[in-house]
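This report walks through one protein model, from its charged pairs to its nonpolar cores. Have the sequence and the 3D view open as you read.

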Amino acid sequence: LSFTIALLAGGCAGTTVDVALFPIDTIKTRCQTTEGFFAAGGFRGIYRGLTAAAAGSAPGAALFFSTYETVKPRIKSQMGDRPVAVQACAASAGEIMSSLVSVPTEVVKQRMQAGHFSSLREAAHSIMTKEGPKGFYTGYRTMLLREIPFALIQFPLWEGMKQEVGDWQGQPASPWQGAVCGSLAGSLSAAVTNPLDMVKTRQMLGQSSGGFTTTMSQVCGEEGAPALFRGVGPRTFWMGLGG
């Protein structure tokens, strides 16, 4: 794919998925708060934070897919015929680039979803005033710790499944077959990386007193290890549909 086509396709795909499935994401976020789902808002205001999500979806997804498609052939020329490694490296590069945009919007979105703010303007102003620009990048490292393993699992699995389907039927996988493969790959990746997502949410909501290790220890110590899988149902469902 050319850079322009990848940019436009990625932006359209990301925005469509994030907007259409936003209520599921809100449910996931509220399940992961310290106060619990119902105390964080339950099913009320299920679209709160949609403006922040919509603002970051297109540029974040566009950066990912354009980086992925641009970097992949260059990595392949260096690594040779090692498709899994090439796809994993390209996906990791894409995640690093997209996180520059997605982390600030994720911070604002999740705080709105949890009921900390009622509008995008109020959230952005409060974060800037109280925390400065770095406040918008709260949980940035943990976001990468989540996104890179997710990409390392999802994209090689997706490409591999499409290849297997194509080899089995003697022709390339059709668009709907590719979509099914993407759904399965996304669901599995989401379930495996849910503990990382849980830690990321606590940090972005300001419900953690430290970094990744401290937050994970805090959750396990106070709520038990199973708490790391809070929201795994909505997250897996969301990624399965969006994949």
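Glu106 is buried, because its relative accessible area is 11%. Buried means under 20% relative accessible area, exposed over 50%, and partly exposed in between, with a 1.4 Å probe and protein chains only. This is a predicted model, in which local features need pLDDT of at least 70 and side-chain atom pairs count only at pLDDT 80 or more, while totals for chains, interfaces and linings use all residues. Residues are numbered from 1 along each chain as its sequence is written, and side-chain values use heavy atoms, with hydrogens and water left out.

## Salt bridges

Which residue does the side chain of Glu106 meet in a salt bridge? The partner is Lys200, at 2.8 Å, N to O. A salt bridge here is a side-chain nitrogen of Lys or Arg within 4 Å of a carboxyl oxygen of Asp or Glu. The pair links distant parts of the chain: Glu106 sits in helix α4, Lys200 in helix α8, 94 residues apart. Helices (H or I, at least four residues) are DSSP runs, numbered from the N terminus. Lys200 has a relative accessible area of 0%, so this residue is buried.

Side chains of opposite charge can pair when their charged atoms come close.

Asp197 takes part in two of the pairs tabulated here. One is with Lys28. That bridge joins helix α2 (residues 22–31) to helix α8 (residues 194–204), across 169 residues of sequence. Lys28 and Asp197 are both buried. The other pair is with Arg235. Arg235 lies in helix α10 (residues 232–242), 38 residues from Asp197 in helix α8. Arg235 is buried too, as is Asp197.

| Salt bridge | Distance, N to O |
|---|---|
| Lys28 – Asp197 | 3.0 Å |
| Glu106 – Lys200 | 2.8 Å |
| Arg235 – Asp197 | 3.8 Å |

The model has twelve salt bridges by this rule. Some join up: Asp25, Lys28, Glu106, Lys109, Arg146, Glu147, Asp197, Lys200 and Arg235 are linked in a network.

## Arg111 and Met204

Arg111 lies in helix α4 (residues 83–113). Its relative accessibility is 7%, so Arg111 counts as buried. What does the side chain of Arg111 reach at 2.6 Å? It is the backbone oxygen of Met204. That is a polar contact: a pair of N or O atoms within 3.5 Å; within protein, one must be able to donate a hydrogen and the other to accept it, and residues adjacent in sequence count only if both atoms are side-chain atoms.

Contact in the wider sense means heavy atoms within 4.5 Å. Setting aside residues up to four places away in sequence, Arg111 touches His116, Phe117, Ile127, Glu131, Gly135, Thr138, Met204 and Leu205. With neighbours within four places again left out, Met204 contacts Val103, Glu106, Val107, Gln110, Arg111, Thr138, Gly139 and Met143.

## Nonpolar cores

Met204 also belongs to the largest nonpolar core, which has eleven residues in all, including Val103, Val107, Phe117, Ile127 and Met143. A nonpolar core is a set of buried Ala, Val, Leu, Ile, Met, Phe, Trp, Tyr and Cys residues joined through side-chain atoms within 4.5 Å. Helices α4 and α5 (120–131) each supply at least two residues of this core. Helix α4 gives the most, with four. Apart from this core lies another, of eight residues, among them Phe64, Ile75, Ala90 and Phe155.

Helix α3 (residues 50–79) holds Ala53. Ala53 is buried, because its relative accessible area is 10%. Beyond four places in sequence, Ala53 touches Phe22 and Lys109. Ala53 and Phe22 are 31 residues apart in sequence, yet 8.2 Å apart in space, C-alpha to C-alpha.

Ser66 is in helix α3 as well. At 2% relative accessibility, Ser66 counts as buried. A polar atom of the Ser66 side chain lies 2.6 Å from the backbone oxygen of Ala62.

Ser189 is found in helix α7 (residues 175–192). Is Ser189 buried or exposed? Ser189 is buried, because its relative accessible area is 0%. Its side chain has a polar atom 2.7 Å from the backbone oxygen of Ala185. Beyond four places in sequence, Ser189 touches Phe150, Ile153 and Gln154.
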